[in-house]
Amino acid sequence: MMSSTEHLSDALVKVAVDRDKTAFASLFRYFAPKIKRFGFKQFNNEAAAMELVQDTMTAVWRKAHLYHPDKGAATTWVYTVMRNASFDALRKMRSNKEDNLSEDIWPTLQSPEPEQFDDHLETQLLLKHLDKLPHAQREVVKGVYFQELSQEQLAQQLGVPVGTVKSRLRLALAKLRNYLGAEHD
């Protein structure tokens with residue numbers, strides 16, 4: 001009978017050599033919850049943690065051919081891939097400064113010459129979709145766009161790090177773009 005270490009190593013080799021989806025599913029079942037827990041501790045954000053799972057496991061699929069069982073355990077190799085994906089995510093978060101949040105994030109709400117009537121309807125449409133957001137994301141959007149607070153002021157008011165405010169805002173805006181885009185199709 002194979003130990004779990006041997007089973008993981010064997011599965012990783014099968015993914016590398018045969019692109020074995022069953023072996024990959026086995027790796028995913030084993031590693032995904034562990035990566036998610038690490039990601040949540042790292043980012044304090046479930047969506048970012050899930051993104052880390054996706055990035056890590058995608059890299060495991062793509063780079064499995066680089067794993068050599070004689071050089072180390074499969075867990076060590078996968079956790080190294082995860083750590084690198086985590087560093088990449090942190091760098092990406094740090095480089096996504098507030099200045100990236102310009103007017104172009106609201107393309108469906110812009111009009112060359114805003115009219116009071118259109119603005120009112122679009123605000124109503126936006127408010128309708130705002131209720132679909134999770135409470136934390138809705139709070140951030142309302143603070144930044146309706147109360148006109150800076151992200152720093154909002155972070156202080158909510159008692160969370162500025163990075164958390166930025167992450168919630170980024171996720172909320174992506175969801176709102178999807179909701180508004182679907183409505184205009």
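Modeller: Start in helix 2 (residues 21-43), where Phe 24 and Phe 28 are about one helical turn apart because four residues separate them. Helices here are DSSP runs of H or I with at least four residues, numbered from the N terminus. This is a predicted model, in which local features need pLDDT of at least 70 and side-chain atom pairs count only at pLDDT 80 or more, while totals for chains, interfaces and linings use all residues. Residues are numbered from 1 along each chain as its sequence is written, and side-chain values use heavy atoms, with hydrogens and water left out.

Rings of Phe, Tyr and Trp (its six-membered ring) pair if their centres lie within 6.5 Å; planes under 30 degrees apart are stacked, over 60 edge-to-face, and the rest tilted. Phe 24 and Phe 28 make a tilted one, with 6.4 Å between centres and 45° between planes. Phe 24 is buried at 18% relative accessible area, whereas Phe 28 is partly exposed at 35% (buried is under 20%, exposed over 50%, partly exposed in between, with a 1.4 Å probe and protein chains only).

Phe 24 also pairs edge-to-face with Trp 61, at 5.2 Å centre to centre and 80° between the planes. This pair joins distant parts of the chain, since Trp 61 belongs to helix 3 (residues 46-63), 37 residues from Phe 24. Trp 61 is partly exposed, at 24% relative accessibility. Through these ring pairs, Phe 24, Phe 28 and Trp 61 form a cluster.

Note on methods:
Helices (H or I, at least four residues) and strands (E, at least two) are DSSP runs, numbered from the N terminus.
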